[in-house]
Amino acid sequence: MENKKELRKEFSHLRAEIRDKVSKDMDITERLLEEEKILEADNILLYASFGSEVDTYLLIDKLIEMGKNVALPICCGERSMTFHIIGSVADLHEGMYRISEPDSALPQPVITDRTVCIIPGLAFTEDGGRLGYGGGYYDKFINENPLMTTIALSYEELIVEQLPLMQHDLRVDIIVTEERTVLCNG
C-alpha cells in the first residue's frame, strides 16, 4: 500500500476535483444537523474549513442559531490544541497554517460525554479509519479526551476500502457524507 504522504497528495487532489461541492456541502450539513448526537450535544468542537474541505462555515452559523456551544481550535505547537467557544464566525481570525481560529481569550468548553468533536480528514474507511493531514493534533486531542463522540464530514468519493493506519491513528465514531451517515466502530 502507498505511503501516507503519497496518499495525502492523491486524496487532496481527488477532493479538489469533486464537482457540485456547494450542493454536497449543504446535504452534508443538513444530514449532520439531524444527527442525534448533535441534537443532544452540550458542546460541538468544530474546525474552520479551508481549501477543498467540506464547508463548515454554514454549519457553524446553524449550530449557533440552535443555541449550541460551538468551539474551534487553536493549534499551539507540539501537536496540542485548545478549543474556544465562539459567538459567530466574526470571532475568527487567521492563525497557524493560515486556518481561521478564535482568540485565546475566549472561554474553553468543559468536555463531557455529550461533547461532539467534528474532525477534518482527507479520506476515511467505513470502520472509522481516517487519513488526516499528518500533524497528529487531533490524534493527541482525542486520546486526551476519550469520552467525546467523533464525527467526520466527507464526500462519498473519499470513503475507501482501506488506509494504511497505525495503532495510534484516530478512528472516528460517525462519518457523514452527502449520501449517508456511517456508524463506525460498532
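This is a predicted model: local features need pLDDT of at least 70, side-chain atom pairs count only at pLDDT 80 or more; totals for chains, interfaces and linings use all residues.
Biologist: Thanks! Where does Leu58 lie?

Modeller: Leu58 lies in helix 4, which covers residues 57-65. Together with Val22 and Met26, Leu58 forms a nonpolar patch on the surface, and the three have about 260 Å² of accessible area together.

Biologist: Let's step back to the chain. What does its secondary structure come to?

Modeller: The chain has five helices and 12 strands. Its radius of gyration is 15 Å, close to the 16 Å that the globule rule gives for 186 residues, so the chain is as compact as a globular protein of that length. Along the principal axes, the C-alpha atoms fill a box of roughly 45 × 35 × 35 Å.

Biologist: And how much of the chain is buried?

Modeller: Buried residues make up 49% of the 186. The chain exposes about 9,500 Å², and carbon and sulfur atoms supply 48% of that area.

Biologist: Which residue in strand 2 is the bridge partner of Asn43?

Modeller: That partner is Asn69.

Biologist: Could we compare two single residues? Is His84 buried or exposed?

Modeller: His84 is buried, with a relative accessible area of 2%. His84 sits in strand 3, residues 81-86. Leaving aside neighbours within four places in sequence, the contacts of His84 include Val70, Ala71, Leu72 and Ile74, and also Pro102 and Asp103.

Biologist: How far apart are His84 and Leu46?

Modeller: They are 38 residues apart in sequence and 10.0 Å apart in space, C-alpha to C-alpha. For the chain, among contacts between residues at least 6 apart in sequence, 66% join residues at least 24 apart.

Biologist: And the second residue, Asp20: where is Asp20 found?

Modeller: Asp20 is in the loop between helix 1 (4-16) and helix 2 (21-33). Asp20 is exposed, with a relative accessible area of 54%. Look at its backbone too: Asp20 has a positive phi of about 60°, although it is not a glycine.

Conventions: Residues are numbered from 1 along each chain as its sequence is written. Side-chain values use heavy atoms; hydrogens and water are left out. Patches are made of residues with over 30% relative accessible area and no salt bridge: like charges are joined within 9 Å, nonpolar side chains (Val, Leu, Ile, Met, Phe, Trp, Tyr) within 5 Å. Accessible areas come from the Shrake-Rupley method with a 1.4 Å probe; for residues, only the protein chains shown count as cover. A salt bridge is a side-chain nitrogen of Lys or Arg within 4 Å of a carboxyl oxygen of Asp or Glu. Helices (H or I, at least four residues) and strands (E, at least two) are DSSP runs, numbered from the N terminus. The radius of gyration is taken over C-alpha atoms; the globule rule is 2.2 Å times the number of residues to the power 0.38. Buried means under 20% relative accessible area, exposed over 50%, partly exposed in between (1.4 Å probe, protein chains only). Contact means heavy atoms within 4.5 Å. Two strands pair if DSSP finds at least two bridges between them.
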